[in-house]
Amino acid sequence: MNGRINFRQNLKTEYILPFAFGLVILFVFAFIDQTVRNIQSIAEVLTVASLFIICAVALFLYKKNKLSYEAVIYLIFACGFALRLCYALKIGYFQNQHDVESLNSSGHLSYINYIFNNGSLPDTNYWQFSHPPLHHLISAVVVWFGDLLGFSLERSFENIQLLTVIYSSVSMIIGVKICSELGVNVKALIICCLILAFFPGMFVLAGSINNDILMIMLTLISLLYLIKWYKAPSLKFAVISGMFCGLAMMTKVSAALFAVVAGITVLIKLIFDKSLRFGRVALHSFLFVILLLPLGLWHPIRNYILFEQPLGYVAPIPVTNPLYTGSVSIVKRLLLPFSTEGVGVYVDVWEEHNVWGYVLRNSLFGEYNFGSQGIALFAVLVNLFLILVSLSAFVTLLKDKNNIKKLLPLILFYIIQLAFFIYFNIRYPFGCSMDFRYIVPLFFIGVVFIGLGFQKHQNENSVFALLLKYFTCFSTAVLCFTSVLLFV
């Protein structure tokens, strides 16, 4: 079997079944009154039933000798979707959120409510109202549709999580497609798919009704088509990548970082690929930019004209705020690999200052406490091991010039995103600046490196290769198990 899965050709009846089941659950989710008192119990029952049915489908396919690698991947997708759905059902639109606040504040919820009530953009750029409106516009349509059906306002706002579950699930699928596009073979792809499907941080984002997860999804789609363009330059890939990058910027301006990655990628491709004609690349670049600029910049320009809001504006936080970490040295915050402060398994955004120790745990659980300290500790240790495997694979792959050439868009995105995150924490030294949601693309890129590293040692029998493969499989299994225990 070759290293790539043709997702389009392999959508046979046995693979469509879990997706059809997922759509039914999604439909039920849209019409469940999430405001009822026992919604958490209902969510847990639905999730356990979903996982049981998915396992039954797997067993049925196995008995029929149809449990191929492709079938396993689609079943994992279904599990990932069910777990995201469970988490979103269990929490309210006001629980475990970032910058959402109440309907009468200037948070994301109030932004959505303003559009729903007035049919226009806010007449202020205060706090979260400074963001581009794509996520808030789509969310307002969902609220309007719920209102049309006679749902209460609270229930209509709960259904915004229907969108974020979809965004997180699509991100999972796009992540696997990126792995496949870069040549990760089917056995290693199973490992990648399991990590992407069961990673707890993606559950947290699935339940969060701010604009982060939509921006992440759109950026990943743009990355996928940039990789396709890089491998085989075509007008179609340039147009799709430019359009989705523009839409990502219309969700959150920080997505402009990917436009920089795309620009450098195209320039390097033009310099080193002598078979490319300048006119052809110029046309592709022009169409990329002509789609990107109006979609991505119309709102920042509007806010600059109306409110004199600078491009790249970040809502200010006073240094008197308890979140301020600037009084701690950069060495302790950024140069030490882990924190020397006394911290627990779950993060404390008000007390911590070491970026890397914070991200290690925040990437799994956000700023929230899910109980079961022992299980959570296992998840943290496994996360640390997988990060080290990913970094090791990254360094190993960079030793081969052919890999650098093959993975150039990914390597550029990795370096630029990480550098910007470090700069962001120096420029804005606050606890909230350390959050994983600002570097989620690094997680997806890291998963690609895990897959390629696993594949590189797949047929080796040295002690190191065997230990690496077994511990990677073991860690992935523990990650999946602990995610289910903590989030269901």
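Q: Where does Glu 352 sit?
A: Glu 352 is found in the loop between helix 14 (330–335) and helix 15. Keep in mind that this is a predicted model.

Q: Is Glu 352 buried or exposed?
A: Its relative accessible area is 3%. Buried means under 20%, so Glu 352 counts as buried.

Q: Which side chain does the Glu 352 side chain make a polar contact with?
A: That would be the side chain of Arg 361, at 2.4 Å.

Q: And what does the side chain of Glu 352 reach on Asp 348?
A: There the Glu 352 side chain reaches the backbone nitrogen, at 2.9 Å.

Q: Okay, switching to the holes. How many cavities of 30 Å³ or more are there?
A: The count comes to four. The largest cavity has a volume of about 90 Å³.

Q: Which residues are closest to the centre of that largest one?
A: Its lining has 13 residues, and those closest to the centre are His 98, Val 204, Leu 205, Gly 366 and Asp 435.

Q: Which elements give two or more residues to that lining?
A: Helix 9 (200–207) and helix 15 (355–365) do. Helix 9 provides the largest share, with three residues.

Q: Last one: how do the lining residues of the largest cavity divide into nonpolar, polar and charged?
A: Seven of them are polar, while three are nonpolar and three are charged.

Conventions: Residues numbered from 1 in each chain as written. Predicted model: local features only at pLDDT ≥ 70, side-chain atom pairs only at ≥ 80, totals over all residues. Heavy atoms only, no water. 1 Å grid on protein atoms, 1.4 Å probe; cavity = no way out; pocket = protein on both sides within 12 Å on 5 of 7 lines; lining within 4 Å. Points joined across faces, edges and corners; volume = space filled by probe spheres on them. Helix = DSSP H or I, 4+ residues; strand = E, 2+ residues; numbered from the N terminus. Nonpolar A, V, L, I, M, F, W, Y, C, P; charged D, E, K, R; others polar. Buried < 20%, exposed > 50% of the residue type's maximum accessible area, 1.4 Å probe, protein only. Polar contact = N/O pair within 3.5 Å; in protein donor to acceptor, adjacent residues only side chain to side chain.
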